[in-house]
Amino acid sequence: MVEQAAIRDISEASVFKEYALPKLYIKTIYCISCAIHAKIVRVRSREGRRDRTPPVRFRSFNKVFN
């Protein structure tokens, strides 16, 4: 999101060495049909749509212990 010249200027003006710029996360809200079209969610059966439990999240083994 920030060009290389700006990153260099920020790092030269910074007091801290090895400062990493924070990542920008944008939260977007979609309607169901748009989310299915953008492949953010998958199509579920009529019975599956009634299940409101959140899906199981898989965590990478390396990220947990590093």
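I shall now describe what the coordinates show.

This is a predicted model, in which local features need pLDDT of at least 70, side-chain atom pairs count only at pLDDT 80 or more, and totals for chains, interfaces and linings use all residues. Residues are numbered from 1 along each chain as its sequence is written, and side-chain values use heavy atoms, with hydrogens and water left out.

Let me start with the fold. The protein contains four helices and zero strands, so that the order from the N terminus reads α-α-α-α; here helices (H or I, at least four residues) and strands (E, at least two) are DSSP runs, numbered from the N terminus. Of its 66 residues, 2% count as buried. Buried means under 20% relative accessible area, exposed over 50%, and partly exposed in between, with a 1.4 Å probe and protein chains only.

I turn to helix α1. How many salt bridges does the count give? The count is one, where a salt bridge is a side-chain nitrogen of Lys or Arg within 4 Å of a carboxyl oxygen of Asp or Glu. The pair is E12 and R8, with their closest N and O atoms 4.0 Å apart. Both residues lie in α1 (residues 4-13), four residues apart, or about one turn of the helix. E12 is exposed at 59% relative accessible area, while R8 is partly exposed at 48%.

Helix α1 also holds I10, which is partly exposed at 38%. I10 belongs to a nonpolar surface patch with V2, I7, V15, F16, Y19 and L21, with about 680 Å² of accessible area together. Patches are made of residues with over 30% relative accessible area and no salt bridge, like charges being joined within 9 Å and nonpolar side chains (Val, Leu, Ile, Met, Phe, Trp, Tyr) within 5 Å.

Next, a backbone detail. In the loop between α2 and α3 we find K39, whose phi is near 60°, a positive value in a residue other than glycine. Most residues other than glycine have a negative phi. K39 is exposed, at 74% relative accessible area.

Finally, the largest pocket. Its volume is about 660 Å³, and 20 residues line it, with I32, V41, R42, R44 and P55 nearest its centre. A pocket is an open set of points on a 1 Å grid over the protein atoms alone, where a 1.4 Å probe fits, with protein on both sides within 12 Å along at least five of seven lines; lining residues have an atom within 4 Å of a point. Helices α2 (32-37) and α3 (46-50) each supply at least two lining residues, and α2 gives the largest share, three residues.

How values were computed
Grid points are joined across faces, edges and corners, and a volume is the space filled by probe spheres set on the points. Accessible areas come from the Shrake-Rupley method with a 1.4 Å probe; for residues, only the protein chains shown count as cover.
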